[in-house]
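The structure is shown first, and the discussion follows.

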2 protein chains.
Amino acid sequence: MSDRKLRLGAFIMATGHHIAAWRHPGSQIDSGVNIDHYIEVAKTAERGLFDQVFVADSPGVARRGQAEAFSRQGRVSYFEPVTLWSALAAVTRHIGFVATASTTYEDPFLLARKFASLDHISKGRAAWNVVTTGAEDVHGNFGLDKHPDPELRYERAHEFIDVVKGLWDSFEDDAFLRDPQSGVYFDPDKLHTLNHSGKHFKVSGPLNLERSPQGYPVIVQAGSSEPGRELAAATAEAIFTAWTSLAEAQAFYRDVKGRLAKYGRRPDQLLVLPGISPVIGRTQAEAEAKWAELQRLIHPSVGLGTLRALWKDEDFAGWDLDAPPPYFPEPDKGRNSRQHVVLQLAKREGYTVRQLYEYLAGARGHWVVVGTPEHIADQMQAWFENEAADGFNVMPPVLPESLNEFVDLVVPELQRRGLFRTAYEGRTLRENLGLERPVNRYTLERGAKAA
Amino acid sequence: MSDRKLRLGAFIMATGHHIAAWRHPGSQIDSGVNIDHYIEVAKTAERGLFDQVFVADSPGVARRGQAEAFSRQGRVSYFEPVTLWSALAAVTRHIGFVATASTTYEDPFLLARKFASLDHISKGRAAWNVVTTGAEDVHGNFGLDKHPDPELRYERAHEFIDVVKGLWDSFEDDAFLRDPQSGVYFDPDKLHTLNHSGKHFKVSGPLNLERSPQGYPVIVQAGSSEPGRELAAATAEAIFTAWTSLAEAQAFYRDVKGRLAKYGRRPDQLLVLPGISPVIGRTQAEAEAKWAELQRLIHPSVGLGTLRALWKDEDFAGWDLDAPPPYFPEPDKGRNSRQHVVLQLAKREGYTVRQLYEYLAGARGHWVVVGTPEHIADQMQAWFENEAADGFNVMPPVLPESLNEFVDLVVPELQRRGLFRTAYEGRTLRENLGLERPVNRYTLERGAKAA
């Protein structure tokens, strides 16, 4: 048995990952704005020895579909991630905090400052999930006429991360003497002004905050597109991704690990963490009944909303939910092979409209595993031991209920198998994840000159 | 005895308000980045039934003077305010949190979001101290070639606040039904898109966060310039200010209260809170000895640095610190009458160079009261009962020591006199301060239409 251990993150989507979670009695119905809910969930994840909790984010309201479907959307009101995690940092000791923040819509100086603050406040437990923001309905909040194209967004992201890391290096680690006798507080030779001037940003620095416990918060990336993979290979230390089969996950794992060498990085410097949404029962039948109960909570107008990605101009009026779709659209050419797969499946299996939207909406494109703790551990072990995953982003379908079940039932099973820790190894998130603390660039230069 | 009570804020300048506080054994030397220090201080303020804690802020390093003087500067590394207060919100129950944030350098959508998050997380204890940023050395952090002029900064500030309030009203208070039976989460008719388009900002909204417990976080303003007073009269609910005599404070109080009527506001809708830096001893002699000890800790190069505002091009080489200044400069014409007063005083009293810089640096322009708890309470009472103050922003010279002394010695004296609360009155900061909760603009419109 190797020493390699699973890394576990808990994906905290307010009421839960399932699209109808908020209607389930096991969820905290107002959880997006309920700090006590988040405290409970973070403490549960810490009890389960998770490496980190994670929140997704978009800086705006995604207004999709007609008012009637929109009114059933449980994800319109939620905390800004860094503000949220800072509150939880004060009431936890070990768990790491991954906050999503956008390089397209935030400012590099302010972002560098808030994440460095979180890293200090949490004593080394902060991580930044770098996103370029996929949603097309937020640009108006920032005075833009349109959402920038992916190419521009990723170009900006590379430069943004570069600036932020430069700001985090403003003070060398040993810059602060704080000697009351001599009256010297810090060494100005160890304070560095970045003076960045690039295509997208002009940022002088220095940051008004000393280097944080982890040097840099852990850099996380969550896009699996071609430019997303490249950004991850260049800069990220963990990548969240969505695959529903071992073969796909293995291909992705090989692909991103293979991109590291050209940036002078080793494969173990980027952790690949696919999402898994576990539906846990003490028996297989109990788990399946739970899943069916959740699926039944998907309101037809919400379910039909998810079909709009396939039937673009259809309003579904008069469709019989319990019969197969009255016709099938041509799938978009090339662009989305997943659409094609889904339509083929629906035809082959003779899915009713309801079965089809339940299939699509319930999983939200992620890997749903329905079964006993042993079955779920089997699946996780297979991916972990076969170059598909270094760990998982666990997406509890209903919060807090499903996270409690995972911690009480699946974690002990993973521990019995020697796959998961039985106590935190380190003090910081980096130490728990087995990631190195980056050396300050100016300290490196100083060392190079001295050598 | 009237029911009117003093409002008290604690001004938390990391190691303390005194310029040499960090060298004093009663200070926490690394407090700018020590979360446990802030937790202790916030809990002390809460034990003392303070309304709020307050942090000043500037988004950058103020690099003033030569490297030698700069190296003695204790205020170069500190937390971003909202991130800081959010952590403390989780470990306190009553105290309010005033975070300073700049309308010149922040983004209105992101600012609205983080303050609304803090208001939810703290269950109604957030306040925003609106500043336009006075420092001229931070613009480079945001890609600007120069610091905008005051006129432009204040124009932008008015529009910024207007946008932020509009975003805070995005959802009406009763927008969220959260009915699991019907599957309706919220009422889209109670979600409003701002669509602001002005001279400085174009912001569509809506904010992706429901209305917070206080409706809006309390709006605070801290500038006493002409445009600062006007901004306060138009928008603020509390104003922090610096005066060293009762007569000056009274003139200011009358002036700002007199500006409210033209904005349709009542005098009690803006609280005037001058700063007071109390140096507390059980006897007058003990207090004076404490003050002398602090003043002695001002390093000559730091002290001389404060004289640079008067002697602009002087490098002070060869000056005898224990003799009067070798010459006196002409004070700047008109622009700064305070300079003139200080120079007159120094000549009249025959101050040595050291006495002069101690006079200037120790107080930082604020009202220092040195004496017994009774003496300090006398002074506060005189201002409070004579239309100079609705309360005070207490600036402990050394933290945590001086705040402990204030809470243990001065607060009970104020309570004995019936000037200060003996228990928190409300649940939110607004309730404790006696400020109304603003009605959502769209709910108002709806009411007007219905009437």
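## Backbone features

B:Arg178 is located in strand 5 (residues 176–179) of chain B, where helices (H or I, at least four residues) and strands (E, at least two) are DSSP runs numbered from the N terminus. Although B:Arg178 is not a glycine, its phi is positive, at about 50°.

This is a predicted model, in which local features need pLDDT of at least 70 and side-chain atom pairs count only at pLDDT 80 or more, while totals for chains, interfaces and linings use all residues; side-chain values use heavy atoms, with hydrogens and water left out. Residues are numbered from 1 along each chain as its sequence is written, and chains are lettered from A and ligands numbered from 1 in the order in which they are written.

A cis peptide bond is found between A:Gly205 and A:Pro206, with omega about -5°. A:Pro206 belongs to the loop between strand 8 and strand 9 (218–221) of chain A. In chain B, the bond from B:Gly205 to B:Pro206 is cis, with omega near -5°, and B:Pro206 lies in the loop between strand 8 (202–203) and strand 9 (218–221) of that chain.

## Relation and interface of the two chains

The contact (heavy atoms within 4.5 Å) involves 73 residues of chain A and 73 residues of chain B. Between them, the two chains bury about 6,100 Å², with 60% of it on carbon and sulfur atoms; buried area is the accessible area (1.4 Å probe) that two parts lose on being put together, summed over both.

Six salt bridges are counted between chain A and chain B, the criterion being a side-chain nitrogen of Lys or Arg within 4 Å of a carboxyl oxygen of Asp or Glu. One is formed by A:Asp36 and B:Lys123.

Among the elements that give two or more residues to the side of chain A that touches chain B are helix 1 (35–47), helix 3 (81–89) and helix 4 (108–121) of chain A. Helix 4 of chain A gives the most, with eight residues. By class, this side of chain A has 35 nonpolar, 21 polar and 17 charged residues. Here Ala, Val, Leu, Ile, Met, Phe, Trp, Tyr, Cys and Pro count as nonpolar, Asp, Glu, Lys and Arg as charged, and the others, Gly among them, as polar.

## Domains of chain A

Chain A is divided into domain 1 (7–283 + 366–450) and domain 2 (285–363), with bounds from an automatic or database domain assignment. Their centres, taken over C-alpha atoms, are 31 Å apart. In the contact between them, 25 residues of domain 1 meet 20 residues of domain 2. The area buried between the domains is about 1,900 Å², of which carbon and sulfur atoms give 61%.

The rule finds one salt bridge across this domain interface, and eleven residue pairs are in polar contact. On the side of domain 1 that touches domain 2, helix 2 (67–70), strand 11 (271–280) and strand 12 (367–371) of chain A each give two or more residues. Strand 12 of chain A gives the most, with three residues.

## Selected salt bridges

Over all chains, the search of the whole structure finds 69 salt bridges.

| Pair | Closest N and O atoms |
|---|---|
| A:Asp36 and B:Lys123 | 2.6 Å |
| A:Glu405 and A:Lys290 | 2.6 Å |
| A:Arg354 and A:Asp322 | 3.0 Å |

The pair of A:Arg354 and A:Asp322 links distant parts of the chain, 32 residues apart. A:Arg354 is in helix 11 (residues 353–363) of chain A, and A:Asp322 is in the loop between helix 9 (300–307) and helix 10 (337–349) of chain A.

Note on methods
Polar contact = N/O pair within 3.5 Å; in protein donor to acceptor, adjacent residues only side chain to side chain.
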